[in-house]
Amino acid sequence: GLRYGSGDSVGYFWVNDDQPVLLADAMRPDLVNTNVGDYRDEKGNAVFTDIVNLCRGGGEGWYTFYWRSSAESNETGQKLSYVKSFEPWGWTLGTGIYTKGILADSQRMQTELWIAFGLVGCFSLVVFALFTHYILTRPLASLVRTSEALALGDVKQKVTVKSNDEI
C-alpha cells in the first residue's frame, strides 16, 4: 500500500468499493477483500458505510473516525481522513492521518518556533546593549569627564564632536 510521512505523522491511502468491500489498505491488509459495511469504530460509527454515503452525497469530503494503527495492534486512535469517489469504477479513495501525529508535529513545530523567537530576542538584546554602549554610553562618559575637568578649573579641555545630535 501507499504510505507517506514519517514518525507519528504516517499517513496512507486506501480504496474501497460501493458495497463496501475494502480493496486496498496499507495498514490493515487483514481486511482487504472483505465486506466492511458492518465495521464500526469504538464510537459506534459505521465507518465505511458512512464514507460511501458521504461520497454518494457530495462526491468527496472529510470524515473523522477511530481506527486501529495496525493489524497486530489493538490500540486505536482518532483519524482525520479525506475521501473522494471515483465513480467510473464505483470506488472510494481515501487518505488519512492520525490526529495524534498531527498534534505531535504541531507541538514540535511550536517548540521550535519558541526557541527561534527566544534566540532572536537574545540576539536583539545583545545588539541593543552594544548599540547603547557605543552610541550613547561612551560619548556621555567622555562628556562627563570633560565637564568634571571644567568644573575643577581645567579650561584647556578639548570637546570632540563626532555627531550632529545632542551627544
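Start with how helix α2 packs. Its buried residues sit against β6, residues 91–98. Those buried residues are Gly101, Ala104, Thr146 and Ala149. Keep in mind that this is a predicted model.

Now the length of α2. The helix runs from residue 99 to 151, 53 residues in total. After the helix comes Gly153, with a positive phi near 100°.

Next, the surface. There is a nonpolar patch of about 840 Å². Its members are Val126, Phe128, Leu130, Phe131, Tyr134, Ile135, Leu136, Leu140 and Leu143. Take Leu136 from that set. It belongs to helix α2. Is Leu136 buried or partly exposed? Partly exposed: its relative accessible area is 34%.

On to charges. How many salt bridges does a search of the whole structure find? It finds 2.

One joins Arg28 and Asp30, with N to O at 2.9 Å. Arg28 is buried, at 3% relative accessible area. Asp30 is partly exposed, at 40%.

The other pairs Lys84 with Glu60, and here the closest N and O atoms are 3.1 Å apart. Lys84 lies in strand β5, residues 76–86, and Glu60 in strand β4, residues 60–68, so this pair ties together parts 24 residues apart in sequence. Both ends are partly exposed: Lys84 has 40% relative accessibility, and Glu60 has 34%.

Methods: Residues are numbered from 1 along each chain as its sequence is written. This is a predicted model: local features need pLDDT of at least 70, side-chain atom pairs count only at pLDDT 80 or more; totals for chains, interfaces and linings use all residues. Side-chain values use heavy atoms; hydrogens and water are left out. Helices (H or I, at least four residues) and strands (E, at least two) are DSSP runs, numbered from the N terminus. The expected span of a helix is 1.5 Å times one less than its number of residues. Buried means under 20% relative accessible area, exposed over 50%, partly exposed in between (1.4 Å probe, protein chains only). Contact means heavy atoms within 4.5 Å. Patches are made of residues with over 30% relative accessible area and no salt bridge: like charges are joined within 9 Å, nonpolar side chains (Val, Leu, Ile, Met, Phe, Trp, Tyr) within 5 Å. Accessible areas come from the Shrake-Rupley method with a 1.4 Å probe; for residues, only the protein chains shown count as cover. A salt bridge is a side-chain nitrogen of Lys or Arg within 4 Å of a carboxyl oxygen of Asp or Glu.
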